[in-house]
Amino acid sequence: MTVPSFVAETLAVMLLVATLVWAVARPRGWPEAVFAVPAAALLLVLGVLPLSQAGAEARSLAPTIGFLAAVLVLADLCDRYGLFEAAGTWMATGSRGKPVALLGLVFVVASVVTAVLGLDATVLLLTPVVLTTVARLRLRAKPHAYACTHLANSASLLLPVSNLTNLLAFRASGLSFARFGATMALPWLAAIAVEWTVLRRFFATDLVGRGETEVAPPLPIPVFASAVVALTLVGFFVASVLHVNPAFAALGGAVTLALPALLRRRAKVRDIGLALDVPFLAFVLALGLVVKAVSLHGLSSLVVHLMPNGTSLGSLLLVAAIAAVLANLINNLPAVLLLLPAAAAAGPGVVLAVLIGVNAGPNLTYVGSLATLLWRRVLRQRGEELPISEFLRLGVVTVAPVLVASTVALWVSLRLVG
């Protein structure tokens, strides 16, 4: 079936917008894939997305989706081994009831968890632990809750494994795992430093006084789970050197944790299946196909014209700004899928500037990142939902400084690392 070009372009854009609206609203709690998969199928049936192009896109996304699946299981198993609960008790004891000290510890833990286990682990597993810790210490929850969502996005700049957008950028950049991490270390630190400075001032009135000081002793850190995570991280470096898909290292870590957990009844097979989150993986694939259809029918050429050439500081700042705006308009995952082809042609520096925009930019709105939507859902489930107006005001005062500081740090890092 042949569809006129204008009709094809309009339909593809409408289905992309509708898919994102569904993902934000999730009527009756239905998964994002309930709309995304039929939308992608409709584009295939009507010929808006040729089967050959769909197959190529699916093959391109398959390694990333496989990696995401393994990391989701790995993070869930770390939670079942008590790693996050132990981190919560460590933060409670270390803060001694001081809200600023607790915020500092939340920053440390959230930044590390995001970098190593990914932003979904911070949003879904660490945020409830932080809220429980705050309640135990009888402190105000807002600064610490906002730290979780902001760092889930901004602190996901460090490693290819920190964010789904990073995995896509990693492939497009052509960098090794170690080179990627070395180049993004300075932007990562800059983003965290700016987030700390702004949140510390923004919530100054919430960070006064002192909470409960008599708390239970910290739980021991689960050695086995921690060792497996450390070895998995080493495996990512080794896989990169050997030009092996890092999904195999993630799979190895997940299997190593899963087998003892199943044997000791710490987890059931059904629990592993739920952690795998097949509907979300299907959503990622379907969304990629819908974005590909939009790209084929004109949006990619527009993006190419917008993207500047070169890696001067001005060019990198403009790239990061474009990526941030696009992420807040259509979500960061479609944004990175649209921007990467043009960015990859301009070199790894531009790819990493795009990454800064799509990772830190979404802190401006709820729709910019799926992780932010998940964070909001966690708060709702616990009766801790925060005002939208406050979220927007905090985003306004944090996003621009984080983008500028991280991009300047990237520009410096590119000249230091090469």
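At what angle do helix α10 (residues 223–241) and helix α11 (residues 247–263) pack? The angle is about 165°, and the two axes lie 8 Å apart. Please keep in mind as you look around that this is a predicted model.

**The α10 and α11 pair**

Angles over 145 degrees count as roughly antiparallel, and α10 and α11 are therefore roughly antiparallel to each other. The crossing in which α10 passes α11 is right-handed. On the α10 side, the contact is made by F224, A225, V228, T232, G235 and F236. Facing them from α11 are A249, A250, G253, T256, L257 and P260. Sorted by class, this contact of α10 with α11 has eight nonpolar and four polar residues, with no charged residues. The spacing of such contact residues has a simple background: an α-helix has 3.6 residues a turn, so residues three or four places apart point the same way.

**Two further pairs**

Next come helix α6 (residues 119–137) and helix α17 (residues 370–381), which pack at about 25° with axes 9 Å apart. This angle makes α6 roughly parallel to α17. Their crossing is right-handed. From α6, the residues in contact are L119, D120, V123, L124, T127, P128 and L131, while α17 supplies A371, L374, W375, V378 and L379. The class count for α6 with α17 is 10 nonpolar, one polar and one charged.

Helix α9 (residues 177–202) and helix α16 (residues 348–360) have axes that come within 12 Å and cross at roughly 50°. That leaves α9 and α16 oblique to each other, and their crossing is right-handed. Here F180, T183, M184 and P187 of α9 meet L352, L355 and I356 of α16. In this contact of α9 with α16, six residues are nonpolar, one is polar and none is charged.

| Helix pair | Angle | Axes |
|---|---|---|
| α10 and α11 | about 165° | 8 Å apart |
| α6 and α17 | about 25° | 9 Å apart |
| α9 and α16 | roughly 50° | within 12 Å |

**Two kinked helices**

Helix α3 (residues 51–80) has 30 residues and spans 41 Å from its first C-alpha to its last, close to the 44 Å expected at 1.5 Å a residue. Where does α3 kink? A kink of about 40° lies at A62, shortly before the proline P63. Just after α3, G82 takes a positive phi of about 95°.

Helix α18 (residues 388–417) has 30 residues and reaches 40 Å between its first and last C-alpha, which is close to the 44 Å expected at 1.5 Å a residue. On which residue is the kink in α18 centred? The kink, of about 30°, is centred on G395.

Definitions and conventions: Residues numbered from 1 in each chain as written. Predicted model: local features only at pLDDT ≥ 70, side-chain atom pairs only at ≥ 80, totals over all residues. Heavy atoms only, no water. Axes fitted to C-alpha atoms, helices over the stretch in contact; angles between N-to-C directions. Helix = DSSP H or I, 4+ residues; strand = E, 2+ residues; numbered from the N terminus. Parallel < 35°, antiparallel > 145°, perpendicular 65-115°, else oblique. Left-handed = near helix turned anticlockwise from the far one by under 90°. Contact = heavy atoms within 4.5 Å. Nonpolar A, V, L, I, M, F, W, Y, C, P; charged D, E, K, R; others polar. Expected span 1.5 Å × (residues − 1). Bend = angle between axes of the 7 residues up to and from the residue.
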